[in-house]
Amino acid sequence: VGQPRRGRGVAFQVAARESEADVLAYFSPDGNEDPADIPKLFAQVEAGADMAIASRMMRGAFNEEDVHWFRFRKWGNQAFTLIANLLWNRGPYVTDTINGFRAVRRDAWSRMTCDADGFVIEYQMSIRAMKRGLAVAEIPTWEGPRLGGRSTARSLPTGIVFLKQLWRELWIP
């Protein structure tokens, strides 16, 4: 099945539409995610979570920027995560609302009504799960170096997209 438009969010939507699975796992093949974590995500869903996220920010995890003094992308991610938790989360604190390495129940995906096209899809999923009172679980993950080099999500333009999504979510019930 072809993807009608470019974008990570579009790929998430196509996967949800075309798959017949009860649980969807989203995994990026760029080499920085550990496939050994996939069964751990599924275990969280089997234990009752509507969505399970491989967190790069929780205790026992490693973020690719943890080796640097200035961790601008990590700090930006943590700021967006804090805002989402403060505004919408009524459950346990979610430490990594932005990582796309996650598993989600099909019925939870449908209830989230996500429509973002690009990298912001993961943030939208996390916010919508919080708004709808869905159970979100996390596992610590180790983010390794990318096979293809650097991320294609440049910090400032991506941050602006995230701010726009955050603003939009303020007005969507």
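My entries below go from ground rules to cores, rings, surface and one backbone angle.

**Ground rules.** I am working with a predicted model, where local features need pLDDT of at least 70, side-chain atom pairs count only at pLDDT 80 or more, and totals for chains, interfaces and linings use all residues. Residues are numbered from 1 along each chain as its sequence is written, and side-chain values use heavy atoms, with hydrogens and water left out. For elements I took DSSP runs, numbered from the N terminus: helices are H or I with at least four residues, strands are E with at least two. I call a residue buried under 20% relative accessible area, exposed over 50% and partly exposed in between, with a 1.4 Å probe and protein chains only.

**Entry 1, the cores.** I looked up nonpolar cores, meaning sets of buried Ala, Val, Leu, Ile, Met, Phe, Trp, Tyr and Cys residues joined through side-chain atoms within 4.5 Å. Which members of the largest core touch the most others? Out of its 28 residues, they are Y26, M51, V104, W109, M112, Y123 and M125. Two or more residues each come from α1, β1, β2 (51–55), α3, α4, α5 and α6. Helix α5 gives the most, six residues. I then listed the contacts (heavy atoms within 4.5 Å) of M51. Leaving out residues up to four places away in sequence, M51 touches R102, A103, V104, M112, M125, S126, A129, A135, V136 and A137. There is also a second, separate core of seven residues, including L41, A52, A54 and A103.

In α1 (residues 8–18) I found G9, V10, F12, Q13, V14 and A16 buried. These buried residues pack against β1, α4 (106–112) and α5.

My rule pairs rings of Phe, Tyr and Trp (its six-membered ring) with centres within 6.5 Å; planes under 30 degrees apart are stacked, over 60 edge-to-face, and the rest tilted. How many pairs does this give? I get eight. One of them is F27 with F101, edge-to-face at 5.2 Å centre to centre and 70 degrees between the planes. These two sit 74 residues apart, F27 in the loop between β1 (23–26) and α2 (38–46), F101 in the loop between α3 (72–88) and β3 (102–105). F27 is partly exposed at 34%, while F101 is buried at 1%. F80 and Y123 are also edge-to-face, at 5.6 Å and 70 degrees. That pair links α3 to α5 (residues 121–131) across 43 residues. Both partners are buried, F80 at 13% and Y123 at 0%. I also noted F12, Y26 and W109 as one aromatic cluster.

I83, L87, W167, L170 and W171 form a nonpolar patch with about 540 Å² of accessible area together. Areas are Shrake-Rupley with a 1.4 Å probe, only the protein chains shown counting as cover. Patch members have over 30% relative accessible area and no salt bridge, with nonpolar side chains (Val, Leu, Ile, Met, Phe, Trp, Tyr) joined within 5 Å and like charges within 9 Å. A salt bridge here is a side-chain nitrogen of Lys or Arg within 4 Å of a carboxyl oxygen of Asp or Glu. The largest share, three residues, comes from α6. L87 lies in α3 and is partly exposed at 35%.

Most residues other than glycine have a negative phi. T113 is not a glycine, yet its phi is positive, about 45 degrees. T113 sits in the loop between α4 and α5 and is partly exposed at 46%.
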